[in-house]
Amino acid sequence: MMNVVFMMLYFLIIALVIEIAVTLLKLTGLKNTVARFQVISMIIGTGFTTDESKSIIDHPFRRKIVQSL
């Protein structure tokens with residue numbers, strides 16, 4: 001039972017981190033779909049080497065958001 005509670009808490013925290021990062025990236029001007037894809041790609045470590053990632057790397061505030069993830 002404790003394992004299930006831990007897993008649910010873990011997924012809730014991950015979802016919260018994703019939503020906060022997506023919101024911050026949207027505030028810098030990225031579209032919702034692009035921001036969500038890039039945040040999830042950064043967290044799981046795959047797919048971040050797309051052309052859209054250049055828009056994150058070239059922007060100083062977006063780069064700080066990425067570094068915090």
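Predicted model: local features only at pLDDT ≥ 70, side-chain atom pairs only at ≥ 80, totals over all residues.
Leu-69 is partly exposed, with a relative accessible area of 39%. Leu-69 sits in the segment after helix 4. Leaving aside neighbours within four places in sequence, Leu-69 is in contact with Val-17, Ala-21, Val-39 and Met-42. Take Ala-21 from that list: Leu-69 and Ala-21 are 48 residues apart along the chain, and their C-alpha atoms are separated by 8.1 Å. Leu-69 does not count as buried, because 39% is not under the 20% cut-off.

The mean pLDDT of the protein chain is 88, and 96% of the residues score at least 70.

Now the overall layout. The protein chain has four helices and zero strands, so the order from the N terminus on reads α-α-α-α. Along the principal axes, the C-alpha atoms fill a box of roughly 45 × 25 × 20 Å. Of the 69 residues in the protein chain, 25% are buried. Among contacts with a separation of 6 or more, 35% are between residues 24 or more positions apart.

Next, the core. Which residues make up the largest nonpolar core? There are 12 residues in all: Ile-18, Ala-21, Val-22, Leu-25, Leu-30, Val-34, Ala-35, Val-39, Met-42, Ile-56, Ile-65 and Val-66. Helix 1, helix 2 and helix 4 each supply at least two residues of this core. Leaving aside neighbours within four places in sequence, Val-22 is in contact with Asn-32, Ala-35, Arg-36 and Val-39.

On to helix 2. Helix 2 covers residues 32-44, which is 13 residues, and reaches 18 Å from its first C-alpha to its last, close to the 18 Å expected at 1.5 Å a residue. The buried residues in helix 2 are Val-34, Ala-35, Gln-38, Val-39, Ser-41 and Met-42. Why are they on the same side of helix 2? They cover an arc of only 165° around the axis. Thr-33 and Ile-44, on the other side of helix 2, are exposed. The buried residues of helix 2 pack against helix 1 (2-27), helix 3 (53-57) and helix 4 (60-68). After helix 2 comes Gly-45, with a positive phi near 85°.

Helix 4 can be read in the same way. In helix 4, Arg-62, Ile-65 and Val-66 are buried. Their arc around the axis is only 100°, which puts them on the same side of helix 4. On the other side of helix 4, Lys-64, Gln-67 and Ser-68 are exposed. What covers the buried residues of helix 4 includes helix 1, helix 2 and helix 3.

Last, the aromatics. The count of aromatic pairs comes to one. The pair is Tyr-10 with Phe-11, and the geometry is edge-to-face, at 5.7 Å centre to centre and 65° between the planes. The pair is called edge-to-face because 65° is over the 60 degrees required. Is Tyr-10 buried, partly exposed or exposed? Tyr-10 is partly exposed, with a relative accessible area of 45%.

Key. Residues numbered from 1 in each chain as written. Heavy atoms only, no water. Phe/Tyr/Trp six-rings, centres within 6.5 Å; stacked < 30°, edge-to-face > 60°. Buried < 20%, exposed > 50% of the residue type's maximum accessible area, 1.4 Å probe, protein only. Expected span 1.5 Å × (residues − 1). Arc of directions from axis to C-beta. Contact = heavy atoms within 4.5 Å. Core = buried A, V, L, I, M, F, W, Y, C linked by side-chain atoms within 4.5 Å. pLDDT = per-residue confidence, 0-100.
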